Amino acid sequence: MSEKLYGISAEFDSPAAILRAAKKVRDAGYRRWDAFTPFPVHGMDQVMQLGNSLVGWVSLAMGAGAFASVVGLLWFTNAFDYPLIVGGKPMFSVPMTFVPSYIMLIMGGAIGALVGMLGLNQLPRLHHPLLDHKRFDLVSRDKFILVIGAQDEKFCATETRKLLEGIGGAHVALVEDHD
Amino acid sequence: MSHDTTHLPPPLDLSRWRKLPARLMVVGGILCAIGAALSYQRNDLHEFGFSWLLAFMFYYSLALGALFLVMVHHLTDAGWSVGIRRFCEHLATLLFPWLAILFLPIGLLGPKIYQWMTLDSATNNLVAAKLPVFTTAGFWAASALFFGIWWLLSSQLSRWSLKQDETGAADCTRKLRFYSGWGIVAYALTLTYSGVLWMNATSYQWFSCIYGVYFFSDCAWIGLATVYVIAAVLVRQRIIAPVMKRNYFYFLGVLLLGFTLFSAYTEFAQYFVVWNANMPEETFWYLIRERGNWWGLSLVLIFGHFFIPFFVLLPEKVKMNFKVIIPVCLWIGLMHALDLGFNIFPALHPYGYHFKWVWLPIGCLMFMGGLLAKVFLKKFNAHPPYPQRDPRLLEAMGVSQNTVRDLTEANAGGAR
């Protein structure tokens, strides 16, 4: 059992305070850090420079894949492997394939959104180092916690702690990773 | 945050555009006159009648789209659409009398446009099945009824809205909701019947259950595109900037994307049902549209009416980017005109459109566009640019409800 450092956490009392702190952390050049708040804080996504989630692309890829595979299946079964005349229609035609393919596009897109969301969040997982941190429960009550990850290039146990204390963080604490 | 006009680029200098409507009217009017004379000489006014019908349907659908937005605003008690409501009302009131006047040539040229008017119902079963509407008197009566209902709806929605500006009474809001309530039902019915009677009936043998929905989705589509452009210009000029926050354009963009999809959905549904049922009395309509250059137009519509706007409008941030969306809106105008042409013209030119006549519908579009733009601008200039006492005005401005409550309590306290 190795004991690694996960990061350093600091507590703030209000959305405005954590927003101010987040700006300073960003300006100090940190990149691997996160903010945990009891409710969404407006403007935080801009401060954290979060772009659009990549989930949409996973959803698009899965949807397009499902669409194409159903078109392929219909072509393979109806026009290639076992040609069958139905209602005097051509063996293969675009309008014919559209409805089942479209339905599978919706399903593929929905599954893509779910799987993409779980995958990008690295879920499911049984444990997270922050859950060991005693005061972390407070983020679902009235505290706003900012965590700078130990994997950040600029991370330095003493300097980072100094920064967080300097910008008004209370209960600045090391978070350990027990894996 | 709502007054953040500092982020806007400086207002545009619109003075050199001021004469544009009049110029469009003159140039378009000359083209129409030449077209009418040539068409009279060459093909007994058929070409002129169809071109006029196309241009009429274009602005007619635009006004109906605006009327739809006004009624939906009242029915949903929305906050964000307060800023666009007033000019939507003005667009809707174009329906009467101006579009009704522009409709007169269609009624008078009826026998040149609608083949069924020249057929005897005693010998033609398809016309007999549609009696009594498919008689000249029935045509005029139905058209008069449509315009009567739209006149009532658009004028009352505009009248009570202007009265609300003066009095701010709750009764105005109630009246507006009353007219929107039954109005949306009357709107759905009259829009469907008018689309079928004026546009679908150019091929009187044909019928399609989804035609009304399809026409409605295109009305809303062109209406939203027009509203987006007008709102963007008015915000840039700081005229409605206080009530039109940046994310309201996102809402308009989402609706535009939704109706891009919906209109493709209805159009495809119509095609798919006809294709699948494979009955000669229905398929002929699409068979004509696979001949000559109509085939090319079908492909232009599949890609230009759906795929291009759909994929351009899909990303989240782009919906608020005027530099992208305004060209898309103009593109939507072009595609909507082509789509109307695809519905109307093959009845006259079943083997492909005659491009030597292409200036005539363009001339009609210019003439009507210039005329209606003049009327619209006159109405717009005569009244406040956005509702002054809408109950949700402060919400639209982004003022917090708590602030409003504190202010009203402070005022009430002061009065006592």
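# Two chains, strand by strand

Author: This is a predicted model. Strand 1 (residues 4–12) of chain A is largely enclosed by the rest of the structure, because seven of its nine residues are buried.

Reader: Which strands does strand 1 of chain A pair with, say strand 4 or strand 3?

Author: Both. Strand 1 of chain A runs antiparallel to strand 4 of chain A, with six bridges. Six bridges also join strand 1 to strand 3 (residues 144–149) of chain A, again antiparallel.

Reader: Which way do the side chains of strand 2 point?

Author: They alternate along residues 33–36 of chain A. Trp33(A) and Ala35(A) point to one face and are buried.

Reader: How is chain A divided into domains?

Author: Domain 1 covers 4–51 + 127–177, and domain 2 covers 55–120. Their centres, taken over C-alpha atoms, are separated by 44 Å.

Reader: Confidence next. What is the average pLDDT of chain A?

Author: Chain A averages 90, and 98% of its residues score at least 70. Among the elements of chain A, helix 3 (residues 55–81) has the highest mean, 94. Strand 4 (residues 170–177) has the lowest mean, 88.

Reader: And chain B?

Author: Chain B averages a pLDDT of 92, with 98% of the residues at 70 or above. The model scores ipTM 0.73 and pTM 0.88.

Reader: How many residues of chain A are in contact with chain B?

Author: Five, and they are in contact with five residues of chain B. The chain A side divides into two nonpolar residues, three polar and no charged.

Reader: Now packing. Which residues touch the most other members in the largest nonpolar core?

Author: Phe56(B), Ala63(B) and Leu67(B), in a core of 106 residues. Helix 2 (residues 46–76) of chain B gives the largest share of this core, 20 residues. Another core, of 21 residues, lies apart from it; Phe12(A), Ile145(A), Val147(A) and Ala150(A) are among its members.

Reader: Back to Leu67(B). What is Leu67(B) in contact with, beyond its neighbours within four places in sequence?

Author: Ala92(B), Leu95(B), Leu153(B), Ser154(B) and Tyr187(B).

Reader: Loops. Where is Thr202(B) found?

Author: Thr202(B) is in the loop between helix 8 (170–198) and helix 9 (211–236) of chain B.

Reader: Buried or exposed, that Thr202(B)?

Author: Buried, because 20 other C-beta atoms lie within 10 Å of Thr202(B). Leaving aside neighbours within four places in sequence, Thr202(B) is in contact with Ile113(B), Tyr114(B), Ile344(B) and Ala347(B). Thr202(B) and Leu162(B) are 40 residues apart in sequence and 39 Å apart in space, C-alpha to C-alpha.

Reader: What about Glu153(A), buried or exposed?

Author: Glu153(A) counts as exposed, because it has 8 C-beta neighbours inside 10 Å. Glu153(A) is in the loop between strand 3 and helix 5 (157–166) of chain A. Glu153(A) and Phe12(A) are 141 residues apart in sequence, and 24 Å apart in space, C-alpha to C-alpha.

Reader: Positive or negative, the phi of Leu45(B)?

Author: Positive, near 70 degrees, in a residue other than glycine. Leu45(B) sits in the loop between helix 1 (20–43) and helix 2 of chain B. Leu45(B) is buried, with 22 other C-beta atoms within 10 Å.

Reader: And Asn278(B), what is its phi?

Author: About 60 degrees, positive although Asn278(B) is not a glycine. Asn278(B) is in the loop between helix 10 (246–277) and helix 11 (280–288) of chain B. Asn278(B) counts as exposed, because it has 11 C-beta neighbours inside 10 Å.

Conventions: Residues numbered from 1 in each chain as written. Chains lettered and ligands numbered in written order. Predicted model: local features only at pLDDT ≥ 70, side-chain atom pairs only at ≥ 80, totals over all residues. Domains from an automatic or database assignment. Contact = placed C-beta atoms within 7 Å. Nonpolar A, V, L, I, M, F, W, Y, C, P; charged D, E, K, R; others polar. Core = buried A, V, L, I, M, F, W, Y, C linked by C-beta atoms within 7 Å. Buried ≥ 20, exposed ≤ 12 C-beta atoms within 10 Å, placed from the backbone. Helix = DSSP H or I, 4+ residues; strand = E, 2+ residues; numbered from the N terminus. pLDDT = per-residue confidence, 0-100. Pairing = 2+ DSSP bridges.
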